[in-house]
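Colleague: I'm new to this one. Could you walk me through it?

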Amino acid sequence: MDKRYLVGIITFLVFVSQAFVHGQETSRGTSDSSIVFQKMSFGITLSAIANVNSAFQINYGHAINERWRVKSEFGYIYTSVYANQSNGIRIKPGLHYMKSSGKNAATIVGVNYNYRYTTGLLRETLIFPNESFAVNDRFIRRRSMHGVEAYFGGLIHFDSRFFIELGAGLGAFYLNVNDVNRMSLEDGGMLFDIFPAGNYFLPMTSFHLSLNYVIGK
């Protein structure tokens with residue numbers, strides 16, 4: 001899926017969720033109650049599939065009280081745009097606060113910590129123009145990422161058990177890239193990579209869409 005379409009869809013759903021919350025708060029009767037964080041929930045993070053490091057990712061939410069929760073996500077990365085063959089893990093714990101809520105929807109804010117580790121097999125062609133030949137190089141590239149983001153999201157409940165969560169995060173991360181068994185380039189070699197081996201400090205954005213089920217009230 002084109003990432004621009006995913007960003008557009010999630011942004012639209014966030015605004016719909018926000019509008020729905022305020023509508024619920026305005027129109028609900030005195031007998032209606034606002035949704036709160038339930039004791040335990042389990043979900044599948046669908047947006048992880050469309051990531052540049054695609055993963056099968058699950059999440060678990062645990063309510064501290066009706067307004068605060070701790071949420072953890074665990075993902076297995078099975079492919080990456082950065083490598084021909086890649087796998088790894090993603091972990092994302094967070095602390096969230098329910099800012100406002102209605103009968104069927106709520107908005108939340110919070111902070112998430114992101115950790116990601118991938119290892120992948122790369123194949124590249126090294127060109128040595130001074131010697132008029134090229135060599136196919138195969139090596140392992142390891143990437144580790146640590147980052148913190150501010151998170152804004154929304155919950156939409158279908159009933160007392162099923163709900164979707166959607167949101168976005170903005171923050172910064174530290175990236176370390178390390179190559180194993182890589183052929184050294186001689187003078188005149190040609191090689192291009194966006195993030196070659198090294199350390200980087202970069203801005204971070206994330207998008208979230210998950211389907212969830214309440215397993216404890």
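Colleague: Is Trp-68 buried, exposed or partly exposed, and why?
Modeller: Trp-68 counts as partly exposed because its relative accessibility is 35%; buried means under 20% relative accessible area, exposed over 50% and partly exposed in between, with a 1.4 Å probe and protein chains only. Keep in mind that this is a predicted model, where local features need pLDDT of at least 70, side-chain atom pairs count only at pLDDT 80 or more, and totals for chains, interfaces and linings use all residues. Residues are numbered from 1 along each chain as its sequence is written, and side-chain values use heavy atoms, leaving out hydrogens and water.

Colleague: Got it. How many aromatic pairs are there?
Modeller: The count is two. Rings of Phe, Tyr and Trp (its six-membered ring) pair if their centres lie within 6.5 Å; planes under 30 degrees apart count as stacked, over 60 as edge-to-face and the rest as tilted. Trp-68 and Tyr-97 make a tilted pair, 4.9 Å centre to centre with 45° between the planes.

Colleague: And the other pair, why is that one tilted?
Modeller: Phe-162 and Tyr-213 have ring planes at 55°, so the pair is tilted, with centres 4.9 Å apart.

Colleague: Switching topic, which residues make up the largest nonpolar core?
Modeller: It has 10 residues, including Ile-35, Phe-37, Met-98 and Val-214. Such a core is a set of buried Ala, Val, Leu, Ile, Met, Phe, Trp, Tyr and Cys residues joined through side-chain atoms within 4.5 Å.

Colleague: What else is there, apart from that core?
Modeller: Another core of seven residues lies apart from it, with Val-177, Phe-195, Tyr-200 and Met-204 among them.
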